Amino acid sequence: MIRIVIAEDQRMMLGALGSLLNLEEDLEVVGKASNGKEAVSLVHQLHPDVCIMDIEMPEKSGLDAAEELKGLDCKVIILTTFARTGYFRRAIKAGVSGYLLKDSPSDELASTIRSVISGRRIYAPELMDDVYNDENPLTDREKEVLELVADGKNTKEIADQLRIKTGTVRNYISTILDKLEVKNRIEAITQFKEKGWFK
């Protein structure tokens, strides 16, 4: 019997997932959590084989929880509505065994659980395409400038820290906005975060 913990903050979804999985002869839902913090504590308490997690949950996101569970015997499968490359990259770094989108067919989840238990990794194909098509267009220096902008530094502070002229910093920022095809610094930082390009 494959023992499962589910973490999902939408009650109806949590109940439906639990019922669906319990219909399978070789699967048993042993615990349900409504946020990432509860999920981590249930995994420590119940030692399940698999933990299925949503990403955006209160108290602790599914990705934070997955990072915390890395290295344990429990395999983590992310089940989310968000096909964001940044989330996916972070999930892979956290060692998750599966990453599925909620609009996948329901029987796919059960077969993914079995595949993951047998040692395979299963990722939504559309995310794999995005990761390969989504290379960071910025040079190392431009990334450095954007990271300082994200840290709240102004043009003069960036210039001082990198020992360059303020005009040069402005040129870098203008190039960054062009390359990322965004209107302002905030949009640039948001896009960079979503794609998982910050160190």
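This note covers charged side chains in a predicted model, point by point.

1. A search of the whole structure finds 13 salt bridges.

2. Arginine 84 and glutamate 56 form a salt bridge through their side chains, at 3.8 Å from N to O. Arginine 84 sits in the loop between strand E4 (75-80) and helix H4 (85-93), and glutamate 56 in the loop between strand E3 (50-53) and helix H3 (62-69), so the contact ties together parts 28 residues apart in sequence. Arginine 84 is partly exposed at 27% relative accessibility, and glutamate 56 is partly exposed at 37%.

3. Aspartate 64 pairs with arginine 90 in a salt bridge whose closest N and O atoms are 2.4 Å apart. This pair links distant parts of the chain, with aspartate 64 in helix H3 and arginine 90 in helix H4, 26 residues apart. Aspartate 64 has a relative accessible area of 33% and counts as partly exposed; arginine 90, at 30%, is also partly exposed.

4. Within helix H7 (residues 140-150), arginine 141 and glutamate 144 are three residues apart, about one turn of the helix. Their side chains meet in a salt bridge of 3.2 Å, N to O. Relative accessibility is 28% for arginine 141, which is partly exposed, and 34% for glutamate 144, likewise partly exposed.

5. A network of salt bridges links Glu8, Asp54 and Lys102.

6. On the surface, Asp103, Asp107, Glu108 and Glu126 gather in a patch of negative charge. Of these, glutamate 108 belongs to helix H5 (residues 106-117) and is partly exposed, with 30% relative accessibility.

Notes
Residues are numbered from 1 along each chain as its sequence is written. This is a predicted model: local features need pLDDT of at least 70, side-chain atom pairs count only at pLDDT 80 or more; totals for chains, interfaces and linings use all residues. Side-chain values use heavy atoms; hydrogens and water are left out. Patches are made of residues with over 30% relative accessible area and no salt bridge: like charges are joined within 9 Å, nonpolar side chains (Val, Leu, Ile, Met, Phe, Trp, Tyr) within 5 Å. Accessible areas come from the Shrake-Rupley method with a 1.4 Å probe; for residues, only the protein chains shown count as cover. A salt bridge is a side-chain nitrogen of Lys or Arg within 4 Å of a carboxyl oxygen of Asp or Glu. Lys and Arg count as positive and Asp and Glu as negative; His and the chain ends are not counted. The place of a charge is taken as NZ of Lys, CZ of Arg, CG of Asp or CD of Glu. Helices (H or I, at least four residues) and strands (E, at least two) are DSSP runs, numbered from the N terminus. Buried means under 20% relative accessible area, exposed over 50%, partly exposed in between (1.4 Å probe, protein chains only).
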